[in-house]
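Here are my notes on the model, as numbered points for you to follow with the coordinates open. I have kept the cut-offs beside the terms they belong to.

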Amino acid sequence: MEPNAQNILDGDRRALARAITLVESTRSDHREKARSLLQTLSQANRQAMRIGLSGTPGVGKSTFTEVFGMMLIDLGLKVAVLAVDPSSTISGGSILGDKTRMERLSRQKNAFIRPSPSQTALGGVTRRTRESIALCEAANFDVVLVETVGVGQSETMVADMTDIFLLLLAPAGGDELQGVKRGIMEIADIILVNKADGDLKARAARTCADYSGALQLMRKRPQDPDGFPKAMMISSAENKNLDTAWAEITTLFEWRKKTGVFADLRKKQALIWFQTEIENGLLARLKDNPELATVWKSFETSVLSGKIPPDIAAQQVLALFQK
């Protein structure tokens with residue numbers, strides 16, 4: 001059954017789930033229907049707060065997401081969670097277990113959880129995460145939380161599709177500060193040091209101080225008010241300071257809306273989406289061109305054997321495609 005635009009606008013979660021399945025499909029007829037659906041829904045011009053969440057595996061992203069999501073629902077907000085699971089580079093399979101890890105949140109009528117395979121895409125997000133976000137906004141969710149695969153520096157791509165970017169970290173020794181890539185530090189709006197409870201509380205305080213110091217040494221960004229970016233301690237297990245974290249998130253979000261930074265960021269994100277679609281579309285056409293298929297394989301063999309450098313081979317394939 002195809003998703004109905006009005007049902008999505010009315011907040012029907014089943015219709016929203018079917019729509020996301022449609023946009024994730026690679027079939028050409030499904031892509032046409034997906035584009036038509038998104039065009040219709042865009043006329044509603046609904047916007048949500050888009051929050052990106054990153055962190056290495058084991059840091060407690062799913063626990064944080066559930067407790068944080070439950071808190072937002074108690075505040076009267078509707079919350080959508082797009083949880084991206086890592087896909088195997090060998091089989092292409094994915095566990096997709098976030099609904100089982102967020103059992104309480106998944107039962108809430110004002111919550112929607114959608115696990116999706118990363119399908120080996122860079123950036124810790126799927127090819128169609130942007131479209132899924134747009135669908136959740138059309139379904140009138142107040143907050144769309146994108147919980148991404150913790151894959152390090154390439155994950156900075158999630159900042160190009162969200163309004164606030166959170167980096168979740170575990171308490172660590174001072175030397176481990178060097179293990180966090182500068183690139184992801186530079187795009188983080190708020191660093192949350194999780195597991196600040198029990199025996200780890202003192203270590204969490206030191207870790208938070210280390211990151212606060214590191215952030216102060218970085219160049220101030222034009223999209224930040226005084227005091228941002230910042231680091232703070234939370235405990236998802238004990239539900240401590242999550243309300244404080246939300247207060248900081250809303251402070252930053254409202255400041256950006258008031259000063260026009262929000263509008264500028266959304267325009268920039270739309271441009272990046274446009275450019276990404278062109279790049280992906282051109283690559284797909286290049287691979288699907290029957291006249292180039294044999295030539296493509298021939299060049300691959302030449303590159304593998306070392307007969308021709310990869311950059312030269314790429315230029316020759318592109319030259320043939322232009323003709």
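1. Glu131 and Arg128 meet through their side chains in a salt bridge, at 3.2 Å from N to O; a salt bridge here is a side-chain nitrogen of Lys or Arg within 4 Å of a carboxyl oxygen of Asp or Glu. Both Glu131 and Arg128 are buried, meaning under 20% relative accessible area, where exposed is over 50% and partly exposed lies in between (1.4 Å probe, protein chains only).

2. This is a predicted model, so to speak of local features a pLDDT of at least 70 is needed, side-chain atom pairs count only at pLDDT 80 or more, and totals for chains, interfaces and linings use all residues. Residues are numbered from 1 along each chain as its sequence is written, and side-chain values use heavy atoms, with hydrogens and water left out.

3. Glu137 pairs with Arg266 in another salt bridge, with 3.4 Å between the closest N and O atoms. Because Glu137 lies in helix H7 (residues 129-138) and Arg266 in helix H11, the pair ties together parts 129 residues apart in sequence; helices are DSSP runs of H or I with at least four residues, numbered from the N terminus. Glu137 and Arg266 are both buried. Through shared partners, salt bridges also join Arg31, Arg128, Glu131 and Glu277 into one network.

4. For contrast, look at Asp29 and Arg27, whose salt bridge has its closest N and O atoms 2.6 Å apart. Asp29 is partly exposed, at 31% relative accessible area, and Arg27 is partly exposed too, at 47%. The count of salt bridges comes to 18.

5. Which residues does Cys136 contact, leaving aside neighbours within four places in sequence? They are Leu16, Ala80, Leu82, Phe112, Phe141 and Val144, where contact means heavy atoms within 4.5 Å.

6. Finally, Ala5 is found in helix H1 (residues 5-9) and counts as buried because its relative accessibility is 18%. Not counting residues up to four places away in sequence, Ala5 touches Leu37, Thr40 and Leu41.

Conventions: Helices (H or I, at least four residues) and strands (E, at least two) are DSSP runs, numbered from the N terminus.
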